[in-house]
Amino acid sequence: MEKYEEMARRILPRRVPGADVATFSLAYNLLHAAYLMINDLEAAIHRPRGLTLPGFRLMFKLWLLGPTMPARLAELSVMSRSAVTNAVNTLERTGFVERRPSDTDGRAITVALTTKGEESVRAAFELQAAREHLWFAGLSAADREALTALLRDIVAARPHAPSAPSAVRE
């Protein structure tokens, strides 16, 4: 059976003359690896512990930063505020996090790990770190550093979100 990427690289130029198949392959492989890794981490580590990967990511940030405002969690996690609110609601129902009044702004709240949440994120992190090591075991230390640098460059040079249609001017 022909691999999907090979098939797409063969067919794409016929469908879109001048298509950049090299960039397609780069994006395809990056997304494919990310989806496979996300699914693996969720199935092997987080779902059995009552978490999702986004929930773990929020808890991990709280573990490192301490009580944090939801807007800051959204910014650091590249999640919408509503997605953070939904995740915090779920984590709060399961006893992993709690909302607290802000120490600096009487109108604001922060999200903090509970003792149960701290124990859970610590254990999940150890398992995830071991699983991540397996994912990258085929790469040398130099290749891992180079890949990390390339990914940082991609993130730094990413296109900005398009303007709203009403803001577009001719």
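Mentor: Before we look around: helices (H or I, at least four residues) and strands (E, at least two) are DSSP runs, numbered from the N terminus. The model is predicted, so local features need pLDDT of at least 70 and side-chain atom pairs 80 or more, while totals for chains, interfaces and linings use all residues. Residues count from 1 along each chain as its sequence is written, and side-chain values use heavy atoms, without hydrogens or water.

Trainee: Okay! Where is Ser 102 found?

Mentor: Look at the loop between strand E1 (97-101) and strand E2 (109-113); Ser 102 is there.

Trainee: Is Ser 102 buried or exposed?

Mentor: Ser 102 is buried, because its relative accessibility is 10% (buried is under 20%, exposed over 50%, partly exposed in between, with a 1.4 Å probe and protein chains only).

Trainee: And what does its side chain reach?

Mentor: The side chain of Ser 102 comes to 3.1 Å from the backbone nitrogen of Asp 105.

Trainee: Which residues does Ser 102 touch, leaving out those up to four places away in sequence?

Mentor: Met 69, Ala 108, Ile 109 and Thr 110, where touching means heavy atoms within 4.5 Å.

Trainee: New topic: which helix holds Glu 42?

Mentor: You'll find Glu 42 in helix H2.

Trainee: Why does Glu 42 count as buried?

Mentor: Because the relative accessible area of Glu 42 is 13%.

How values were computed
A polar contact is a pair of N or O atoms within 3.5 Å; within protein, one must be able to donate a hydrogen and the other to accept it, and residues adjacent in sequence count only if both atoms are side-chain atoms.
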